[in-house]
Amino acid sequence: MAAYVLRRILLALPALFGLVVLSFVLVRIVPGDPAATLAGDAATPQQVEEIRARYGLDRPLAEQLLVHLRQVMTGDFGRSVFSDRPVAEEIGQRLPATLELTFCALAMATVFGVGLGLAAALDHNGPVDHLVRLLSVAGLAVASFWLAILLQLLFAMDLDLLPLRGRIDVELGPPAERTGFFLVDALLEGRRDRFVDALRHLVLPAVTLALPGLATIARFTRSGVLETLQKDFVLYARAAGYGRFRLAAIYVLRNAVTATVTQVGLLFGALISGAVAVEAIFDWPGIGTYAVRAILSADYKALLAVTLVVGVVYAVVNVLVDVAQGLIDPRVADTSE
Amino acid sequence: MIALRRLLRDPVAALGLAIVLFALVVAVFAPWLAPYPEDAFESHIIQRLRPPSAEFPFGTDALGRDILSRVILGTRGALVVAVSVVLAAALIGVPIGLVAGWREGWLSDLLMRVTDVFLAVPQLILALALSQLMRPGLGTAMVALALTYWPFFARTVYAETRRLRVSLFVDALAAIGMPPRRILLAHILPNAAPAIIVRATIGMGFTILTAATLGFLGVGAAPPDPDWGLAVAESRQHLPEAWWFSTFPGLAILLLVLGLNLLGDGLRDVADPRLRRSRG
């Protein structure tokens, strides 16, 4: 198992290296001059040249790439041209907000997705099945920014049940920072009010973000369970007198979820993409809003760092998923040489 | 023809087809179907933010324009974006998938690793960055979307090519001396076509969603374009009073993407009957 985990990690490294090179090349070869964008419309040609020299943009592209790679290796992402603060520091502050949001969304999507998928499969072609099918196609077709606005309209503006935006009530203030996850920090300092408030702020963005993932997971679980139900061992267990529920919950589900687990990993990338729009609407101070700001202000250092951080998070999650898969189904770890 | 008949036998897929055909008709005849076609550009500030009524079934927006007309007029844009992005993505992804699937060795490895790296970048961030760097607008947003969607085609075609390459008829063709280029284009590509069509249909739904998100974030379509995503963005300042302003353009996105996804699912079942059993 240890060798399997190590192998997965080693396989992820070249992809991350590729990501650094690719994002750099993409940002630098597309039409448009970063120095000119940075200098603004009113800048004189001398000012543009000055900026070009200051950021090393006048060097050959290959040299710039090497400098960039060396900096990334040492965790130095440069300074944001927008705020003039180190990019690594800014991202460090914002990453927990996004992770808290995406993990909650992922947990919600997995729990409800697997539950609904299982329920649908056990009621094959029945009313529950049709309902789940409808929900899962609709979940993949809805634009998350639109859903977010409708949820805001209904639950925050009309019914006044949940907060409209932000991570925590301004008057209450954020909990003392230990992990950066407000839920965890509030619990650590034993402040029930802050925990509840942070949770209330989390509900609408997390639900918005979770819906497409929930739909995908429900679909994969449903077809996985249906396929497993036709296996011989299920027939045998039934003949041996296992109860329907016990059989489904323990034996069938375990065999059926391997495909679902892979999907959870792949979904994480979609979740981070989704977080960009969701964070923008709910004023969530995470990586998504940071990325949008970096893009709109041509803060290319910040942009490169965001891309890399997201890539690393994605790679880590997928390694974890592979490990989880190995635990659920030992054959996976075995057959991979 | 057999495929079509089989598709229509599945009521859900038939519904998808009906929605897509409906959208096509609306897109083609939009200027004649819209009650106020001039509202694409003209504003009538005096009748701003009117709730839905017999005169304006979907209400009016902040500039007094009929929302129903603008939803109808926006259909063409959404479909043009979807079709051209998916076509461009297929033109990049399909050849890469064919070559990587056919060849052994470093070229194949390199192509697929590059594909994987592209897949690891969150599409929306990549598309946002590209379209912003290239000067924001609908055209660049489309280029950016095509550049982020091609890996899905490359993966699909790669898997199909790998599967077909070891089949008996390909061996036979190679044995009678047919050059690889012809085997790929005349025999493997047509066999991979169903998978490509399914991928394209689902890709169109995905593209419409992402393009709308780009428009919503301000790097896609620009005013006064009757773009659906843009309309939802404009509506945000007028909530909670003007609920209809954000609701109807968003519903249009939902309906069209739903239709494309249902059709894609149905086509997948027709193309791959093995999956049919588990779907029921």
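Predicted model: local features only at pLDDT ≥ 70, side-chain atom pairs only at ≥ 80, totals over all residues.
Helices here are DSSP runs of H or I at least four residues long, strands are runs of E of at least two, and both are numbered from the N terminus.

View 1. Residues are numbered from 1 along each chain as its sequence is written, chains are lettered from A in the order in which they are written, and side-chain values use heavy atoms, leaving out hydrogens and water. Chain B has 12 helices and 0 strands, so reading from the N terminus you get α-α-α-α-α-α-α-α-α-α-α-α. Its C-alpha atoms fill a box of roughly 75 × 45 × 30 Å along the principal axes.

**View 2. Helix α4 of chain B against helix α9 of chain B.** Here α4(B) (residues 67-102) packs on α9(B) (residues 180-217) at about 140 degrees, with the axes 8 Å apart. Those axes are lines fitted to C-alpha atoms over the stretch in contact, and angles run from 0 to 180 degrees between N-to-C directions. Look at what lines the contact of α4(B) with α9(B): 20 nonpolar residues, 2 polar and no charged. Nonpolar covers Ala, Val, Leu, Ile, Met, Phe, Trp, Tyr, Cys and Pro; charged covers Asp, Glu, Lys and Arg; the others, Gly among them, are polar.

**View 3. Leu33(B) in its helix.** Leu33(B) sits in helix α3 of chain B. Its relative accessibility is 45%, so Leu33(B) counts as partly exposed (buried is under 20% relative accessible area, exposed over 50%, partly exposed in between, with a 1.4 Å probe and protein chains only).
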